[in-house]
Amino acid sequence: MNAPTTRRLTVAQALVEFLAHQYTERDGTRHRLINACWGIFGHGNVAGIGQALLESGDALPYLQGRNEQAMVHAAVGYARQRDRLGAQAVTTSIGPGATNLVTGAALATVNRLPVLLLPGDVFATRPADPVLQQLEVPFAGDVSVNDTLRPVSRYFDRVTRPEALIPAALQAMRVLADPVDTGAVTLALPQDVQAEAYDWPEEFFADRVWRIPRPAPDADALAEAVRALRGARRPLVVAGGGVHHSEAEDALCAFADATGIPVASTQAGKGSLRHDHPADVGGIGHTGTASADALAREADLVIGVGTRFTDFTTASSTLFAAPGVRFLNLNIASFDAHKLGALSLVADARAGLEALTKELSGVRVDAEYEASYRAAKAGWERRVDAAYGAADPSVRPSQTQVLGALDAVVDDTDVIINAAGSLPGDLHKLWRARSRRQYHLEYGYSCMGYEIPAAIGVRLAAPDRPVWALVGDGTYLMNPTELVTAVQEGININVVLFQNHGYASIGGLSQVTGGERFGTDYRFRAEDGTYTGAPLPVDLAANAASLGMQVLRAATVGELRAALAEARGANRPTCVYVETETADTVPGAPEAQAWWDVPVAETATRPAAVAAREAYDRHTAGRRRHL
């Protein structure tokens with residue numbers, strides 16, 4: 001009897017070899033699961049994973065980053081663009097390199113996007129204790145800083161013996177490929193174990209395919225859902241990110257065409273229908289359109305498809321106001337399908353929509369309802385035109401006019417990326433999404449600093465698509481470092497850098513909650529202690545140029561239009577820098593269409609806070625629990 005074939009490799013070498021042979025498969029198409037590994041090296045991974053990546057060559061490509069958090073953002077952008085069918089790994093040293101992963105891991109897990117984290121860890125064998133950057137915990141000898149990743153990981157393991165890598169690696173792949181449980185996966189790798197050799201069974205390195213299922217809805221649940229839809233008079237679909245992850249856009253279009261039911265979208269779901277589809281009524285919730293939010297207030301049946309129903313979508317439980325409103329949630333995750341006391345249809349979004357469309361053959365909403373929402377949609381489009389428009393090309397543009405200028409430059413192939421500040425609100429209300437993956441908003445964690453590294457990840461996933469990172473001055477200052485990565489690697493991204501001298505979004509929120517914009521401006525401190533003096537003499541365009549970017553400055557609407565067109569045609573990473581007028585100086589800039597709950601001080605001495613609390617109490621009176 002022949003002995004099993006083995007290969008003697010270090011733990012790090014074995015892990016890299018294993019990752020190079022992992023695949024996903026959905027609808028008969030196979031995809032590489034781990035396509036590359038980002039890394040910043042230090043003690044804890046330079047002689048382990050670093051050496052293994054060097055040996056592997058093209059088997060697992062290496063990507064060099066400048067900031068550990070940013071590397072996770074890049075990997076997340078890649079995974080989202082790939083519909084979660086492909087992912088990337090991120091390796092760091094121990095200590096600060098590892099803890100810098102936490103924010104990116106939280107973002108990935110909140111948004112349910114797969115990323116594999118491979119932080120170095122302290123010695124498992126403890127030959128010297130403590131070592132450099134080791135956290136000493138007097139009551140627990142097995143704790144390291146990597147334990148900060150436990151609550152933000154969907155799966156966590158510390159590989160303290162070579163043979164433990166086999167079950168840990170398999171569990172990691174299972175979670176990364178799971179459409180319900182995916183998110184950040186952490187394999188903490190003690191630096192001595194990484195370098196230890198072991199005789200690995202050859203089967204560990206065989207090609208392994210992780211099939212992504214499309215579970216169909218339960219027959220009884222489907223029948224109940226169909227009864228609810230047949231009885232609804234003012235139904236409304238809320239399309240979430242699950243529509244994109246499932247590649248269910250065509251199925252949603254067919255459902256809307258057949259039934260006439262209007263479709264509103266969350267930030268993650270925008271683009272589920274093209275903006276010019278008759279049933280697309282735009283974004284919903286606090287940052288939604290007037291047409292979508294009006295429909296939501298009167299809907300008798302809300303059909304959530306692949307959405308988590310966050311507080312921005314529900315306007316902090318004040319939006320869906322009809323007395324007898326019911327919810328029907330189609331979601332692959334049972335956890336989400338049961339929210340808001342809904343009828344739950346636990347299934348893949350595409351499979352569920354196709355089943356509903358088939359069972360509802362001949363059922364269509366009332367013609368008057370259809371005509372009403374189409375008229376409201378047309379009215380909102382006129383407001384978008386007003387917000388985008390600037391008759392005089394010599395004026396300084398507003399933020400919404402920058403979006404209008406960009407709207408005139410892009411086509412179906414472009415990807416627009418944003419995450420934080422006032423831009424998500426304007427984009428959700430105004431952007432005309434032309435294709436399923438054009439609109440890329442990270443709004444589950446709304447992480448400042450996401451946009452630039454995510455643009456790199458998206459461009460790696462879709463190298464033929466123009467990619468735009470829309471970045472305010474506040475978020476730019478959080479994480480500009482990956483501009484160097486884009487320049488070094490020749491990753492052709494475009495950055496539109498908005499200079500509005502402060503935290504515009506949080507400044508506005510501070511104003512309406514009685515905070516009087518305290519601590520939100522980038523200005524000199526005035527004699528009275530407030531930050532209301534002249535803007536700081538900060539030149540962010542010069543900063544971007546110093547990091548290797550081609551920079552185009554645009555002072556007017558006319559210059560902006562020319563700069564955006566030039567950037568789109570450029571063959572190198574390019575930044576368009578524009579100083580904007582404040583939103584409240586521009587006629588037609590749309591305000592929030594629904595409330596969002598940010599608690600206001602119950603007692604205060606300043607009049608602004610007292611007035612804000614009175615308004616807050618009026619809004620909370622309209623909140624309800626859907627049971």
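In the predicted model, the side chain of Arg 214 makes a polar contact with the side chain of Asp 27 at 2.9 Å (a pair of N or O atoms within 3.5 Å, where within protein one must be able to donate a hydrogen and the other to accept it, and residues adjacent in sequence count only if both atoms are side-chain atoms). A polar contact also links the side chain of Arg 214 to that of Asp 348, at 3.0 Å. Arg 214 lies in the loop between S11 and helix H8 (219-231). Leaving aside residues up to four places away in sequence, Arg 214 touches Arg 26, Asp 27, Ser 246, Glu 247, Asp 348, Arg 350 and Ala 351, contact being heavy atoms within 4.5 Å.

This is a predicted model, in which local features need pLDDT of at least 70, side-chain atom pairs count only at pLDDT 80 or more, and totals for chains, interfaces and linings use all residues. Residues are numbered from 1 along each chain as its sequence is written, and side-chain values use heavy atoms, with hydrogens and water left out.

Strand S11 belongs to an open sheet of 3 strands with mixed pairing, in the order S3-S2-S11. Helices (H or I, at least four residues) and strands (E, at least two) are DSSP runs numbered from the N terminus, and two strands pair if DSSP finds at least two bridges between them. Strand S3 (29-32) and strand S11 (208-211) form the edges, each pairing on one side only. From one strand to the next, the twist averages 35 degrees. Strand S2 (residues 22-26) runs antiparallel to S3 and is joined to it by 4 bridges; Tyr 23 stands opposite Arg 32 of S3.

Parallel pairing is found around strand S16 (residues 326-331), which is joined by 5 bridges to strand S15 (residues 301-305). Leu 301 has Arg 326 of S16 as its bridge partner. S16 also pairs in the parallel sense with strand S17 (residues 343-346), over 4 bridges, and Asn 331 is partnered by Val 346 in S17. Of the 6 residues of S16, 5 are buried (under 20% relative accessible area, with a 1.4 Å probe and protein chains only).

Helix H1 (residues 11-19) packs against helix H6 (residues 165-176) at an angle of about 35 degrees, with the axes 11 Å apart. Axes are lines fitted to C-alpha atoms, for helices over the stretch in contact, and angles run from 0 to 180 degrees between N-to-C directions. Val 11, Ala 14, Leu 15, Phe 18 and Leu 19 of H1 meet Leu 165, Ala 169, Leu 170 and Met 173 of H6.

Methods
Buried < 20%, exposed > 50% of the residue type's maximum accessible area, 1.4 Å probe, protein only.
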